[in-house]
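Here are my notes for your review. Please read them beside the model.

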Amino acid sequence: MPDVKMPQLGESVTEGTIEKWLKRVGEPVAKYEPLAEVVTDKVHAEIPSDFAGVLAEILVPEGATVGVGTVICRIAEDALDTGRDEDRTAAAPGREEVLGERGRADAEDPAGGAAGMLAPAGRARYSPAVLRLAREHGIDLEKVPGTGEGGRITRKDVLAYIDRMRKDHVSEATEEAVRPAPVGEPTSAPGRPAARGIQAQDDVEVIPVSPIRRTIARRMVMSKREAPHAWTMVEVDASGLVALRERVKADFERREGVPLTYLPFFIKAAVEALKQFPTVNAAWIDDAIHVHRRIHVSIAVATDDGLQVPVIRDADRLSIAGLAHAVHDLAVRARAGRLTLADVEGGTFTVNNTGAFGSVMSQPILNAPQAAILSVEAIVKRPVVIDDMIAIRSMVNLCLSLDHRVLDGWVAGQFLRAIKERVQSYGEDTALY
């Protein structure tokens, strides 16, 4: 009886959490059919079956975290006789039959292949995140309007639908509360279930922790426990950058089809500084410092489910325009739940854009085992003293958290100063290409 093991889901991933079994014991399984959804510290993924047969035994329950190579279930290949094979074929048609033309096209799309999941025959194709939300909240996806490509339903669509449902519940509950009770009828209705998300007796709503939130929590605790964090900050005059972007952003978006944000300029400055101070582009691994020769920049993208950290590979080889495209592509796919494992692997340094939330100062937690993480704060106009005169300038704080086992304050300070000088040099002559 063949075993199905927790696969290697990334070069540095050593374990995974079974989020949801997609098959029950006794159900037939086609070869390559998804068996379970798994969450790692990198990505959501599905575990396909390498065998055709019947799911004979589940060895790892939902919510359990096990190491790579652990046997999670067993498939009985010989449990299907001819007649049952026919039944199974009728009940669970092959992947090609279910997908149809559009499905085959999606399956060939590497961006959606790993994260994709089949819906029942005749229905659209939904991502695991969409299906999970639908199951958790009892949503009929046929009622959810899709705003994604080709009308595809995204995670934001489902969350918006859930939000509308909650508001409808609140409205109904409010109407019930203000509606006068008929004479002789009690003003309260014992036993009536409260609207979802509303605590009738307490002021606290308890939200179960999702696997991805649990993974983020574990990673943050591990990083703070194992890496001695130090922190430093510089303030930068970004007036030249602001003037440049204001002048070119409309034409850039019209020509390139993506917005020109401030982030690509800061990533460009950071990677040039990393080339000047390569020890910052390093990691503490197995009691040794690993200095990376290539520069792969992780960018933190806030999503509805939590935090995704996709990677811009060889970021030092890209122009500002190229970085703008890379940032836009990764952010869009992260928020649509379409990142693949390859998109989140191999980062060597992280740039965190907390300024997008209006933050002016933060102390980011290291993206372990990376040795440093840079936070770009909001650009704000402030009065500053220049040549003993007060001027109004566009200022931004750049915050750096560092692993003190790898880096000391001198290197960190020199690195930040190098970024500062580059940002302050942006102006009319800065090349975008």
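Which residues does Val297 touch, not counting residues up to four places away in sequence? Point 2 takes this up.

1. Basis. This is a predicted model, in which local features need pLDDT of at least 70, side-chain atom pairs count only at pLDDT 80 or more, and totals for chains, interfaces and linings use all residues. Residues are numbered from 1 along each chain as its sequence is written, and side-chain values use heavy atoms, with hydrogens and water left out.

2. Val297. The residues touched are Ile267, Val271, Pro310, Val311, Ile312, Ala315, Phe349 and Val351. Contact here means heavy atoms within 4.5 Å. Val297 sits in strand 12 (residues 297-299). Its relative accessibility is 1%, so Val297 counts as buried. The accessibility classes are buried (under 20% relative accessible area), exposed (over 50%) and partly exposed in between, using a 1.4 Å probe and protein chains only. Thr350 is 53 residues away from Val297 in sequence, yet their C-alpha atoms are 5.5 Å apart.

3. Overall make-up. The protein chain has 10 helices and 19 strands. Both are DSSP runs numbered from the N terminus: helices are H or I with at least four residues, strands are E with at least two. Of the 433 residues in the chain, 43% are buried. Take the contacts between residues at least 6 apart in sequence: 61% of them join residues at least 24 apart.

4. Helix 8 against helix 10. Two packed helices are described by the angle between their axes and the distance between the axes. For helix 8 (residues 263-276) and helix 10 (residues 409-425), the axes come within 9 Å and cross at roughly 135 degrees. That angle makes helix 8 oblique to helix 10. The classes are roughly parallel under 35 degrees, roughly antiparallel over 145, roughly perpendicular from 65 to 115, and oblique for the rest. Axes are lines fitted to C-alpha atoms, for helices over the stretch in contact, and angles run from 0 to 180 degrees between N-to-C directions. The crossing is right-handed. Left-handed means the near helix is turned anticlockwise from the far one by less than a right angle; right-handed means clockwise.

5. Who makes that contact. Helix 8 supplies Phe266, Ala269, Ala270, Glu272, Ala273, Leu274 and Gln276, while helix 10 supplies Phe415, Ala418, Ile419, Arg422 and Val423. By type, the residues of this contact are 9 nonpolar, 1 polar and 2 charged. Nonpolar covers Ala, Val, Leu, Ile, Met, Phe, Trp, Tyr, Cys and Pro; charged covers Asp, Glu, Lys and Arg; the others, Gly among them, are polar.

6. Helix 8 against helix 9. The two axes come within 9 Å and cross at roughly 120 degrees. This crossing is right-handed. Leu263, Pro264, Phe265, Ile267 and Lys268 of helix 8 meet Ile320, Leu323, Ala324 and Val327 of helix 9.

7. Asp343. Why does Asp343 count as buried? Because its relative accessibility is 13%. Asp343 lies in the loop between helix 9 (320-335) and strand 16 (349-352). Its side chain makes a polar contact of 2.7 Å with the side chain of Arg333. A polar contact is a pair of N or O atoms within 3.5 Å; within protein, one must be able to donate a hydrogen and the other to accept it, and residues adjacent in sequence count only if both atoms are side-chain atoms. A polar atom of the Asp343 side chain also lies 2.9 Å from the backbone nitrogen of Thr340. Beyond its neighbours within four places in sequence, Asp343 contacts Pro310, Val311, Leu330, Arg333 and Arg338.

8. Backbone geometry to check. Most residues other than glycine have a negative phi, and most peptide bonds are trans. Asp314 has a positive phi, near 50 degrees. Asp314 is in the loop between strand 15 (311-312) and helix 9, and is buried at 10% relative accessibility. Asp387 has a positive phi of about 55 degrees. Asp387 is in the loop between strand 18 (380-386) and strand 19 (389-403), and is exposed at 66%.

9. The cis bond. The peptide bond from Ala368 to Pro369 is cis, with omega near 5 degrees. Pro369 lies in the loop between strand 16 and strand 17 (372-376). The backbone oxygen of Ala368 is reached by the side chain of Arg219 at 3.0 Å. Arg219 belongs to helix 6 (residues 211-226) and is buried, with a relative accessible area of 18%.
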